[in-house]
Amino acid sequence: MTLDDFRARFPILRRRVYVNSCSQGALSMDVDEAMRAYLDSWHESGSPWEQWVEQVERLRVRFAVSIGADVDEIAVMPSASAGINAVASALAFTGTRAGVVIGDLEFPTMAQVWLGQERRGAIIQRARAPVAAPDTLPLESYAAAIDERTLLVPATHVCFRNGYKVDIAGLVTLAHGRGAWVFLDDYQRTGAGPIDVHALGVDFMVTGCLKYLLAAAGIGFLYVRRDLIPGLEPTVTGWFGRVNPFAFRIDELDWPTGANRFQSGTPPVPNAYAALAALELLDRVGYERIAVQVDRLAGSYIQAMRDRGFVVRTPSAPERRGPLVVVQSVDGPELVSKLAARGVIASCRGNGLRVAFHAYNSDADVDAVVAALTAESDLLVREDERLITTAS
């Protein structure tokens, strides 16, 4: 599938400049049709649960292949939060290793789940962003925090607030060298380029379909490295975490040998239909091609904004940025509203305006965003203004 063919699958792009994949991926005709297929199956067959569960299993296989994992290392979850909590509930924070290192760039859920484990004995350690570069989190920050007490290092791949991309490969080497596991949050990046969890060496990973995987809320994925699975028995569990959910046993817990032991309740079937259609569409484009397009558009946008003197909080270096680019505003919500009136759909976190590219975006989209922001430049912070503020 060509990029033009891919773009044509998203009707909203005929009416709007959509650069908000960091919040919600655009809706494709493929996902629309898949959701209707689920409803049709409900209409026609009433309750075809065997068919529905098979759809979830097909999704598990498709996602595993897309991240370089084995099928038995994947759990299909209702959210990334559910995956994090399932793993947390399986850990014992006892002995000399009870530390969890939380970086300053984490999404709240990842931090909050581990803060919640303090009552179970977890010791929270912090990897602090440098004072001189608060939008970054270099390996030196982690090296100063990870020690012989550290059990786990949760780490976002791309920060939702500023687009900074953490050096996960370097972090894995650092953490493993000190006896700690790495729990990757890839939600703000999965679907925007290739990933191979085995090659990367992470121990756990969560992500979901809401953003660059181009499906709906209500479904996520948990990856657990195979050799860790037998030693982990989550206390957050349910009937779909059993060897055979339809045995309906209430007298004991039996544990599947795979990561499906981390599942709990009834799977999110409608969302599985949507997610499978989205993954199949992405496969037709190819993750390598997606990565090239996203990186090129992000680079062009960053350069254009810097050329105009605006403050860009996202690094220019491709290896340190994801698909999300953040420029500084004086009033983020107002700027988002102004852009929407001009046909540009973006988002903000605080006063950071977020523009996120996918392979369905084009050079014309970049030009349109830059033109709209130039027209609303009174709502943006300029580099010379920031320097004056900093100096004062």
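1. Let's start with D384, which sits in helix α13 (residues 383-391); helices here are DSSP runs of H or I with at least four residues, strands are E runs of at least two, and both are numbered from the N terminus. This is a predicted model, where local features need pLDDT of at least 70, side-chain atom pairs count only at pLDDT 80 or more, and totals for chains, interfaces and linings use all residues. Residues are numbered from 1 along each chain as its sequence is written, and side-chain values use heavy atoms, with hydrogens and water left out.

2. D384 lies 73 residues from V311 in sequence, yet their C-alpha atoms are 8.8 Å apart in space.

3. Now look at helix α4 (residues 80-90): 8 of its 11 residues are buried. Among them are I84, V87 and S89. The buried residues of α4 pack against β2 (74-77), α5 (108-116), β6 (181-185), β7 (204-208) and β8 (220-224), with contact meaning heavy atoms within 4.5 Å.

4. Check the start of α4 too: a side-chain oxygen of S79 comes within 3.4 Å of the backbone nitrogen of S81.

5. Finally, α9 (residues 269-285) meets α10 (residues 287-307): L279, L282, D283 and V285 in α9 touch Y287, R289 and I290 in α10. By class, that contact has 5 nonpolar, no polar and 2 charged residues (Ala, Val, Leu, Ile, Met, Phe, Trp, Tyr, Cys and Pro count as nonpolar, Asp, Glu, Lys and Arg as charged, and the others, Gly among them, as polar).

Notes: Axes fitted to C-alpha atoms, helices over the stretch in contact; angles between N-to-C directions. Buried < 20%, exposed > 50% of the residue type's maximum accessible area, 1.4 Å probe, protein only. Polar contact = N/O pair within 3.5 Å; in protein donor to acceptor, adjacent residues only side chain to side chain.
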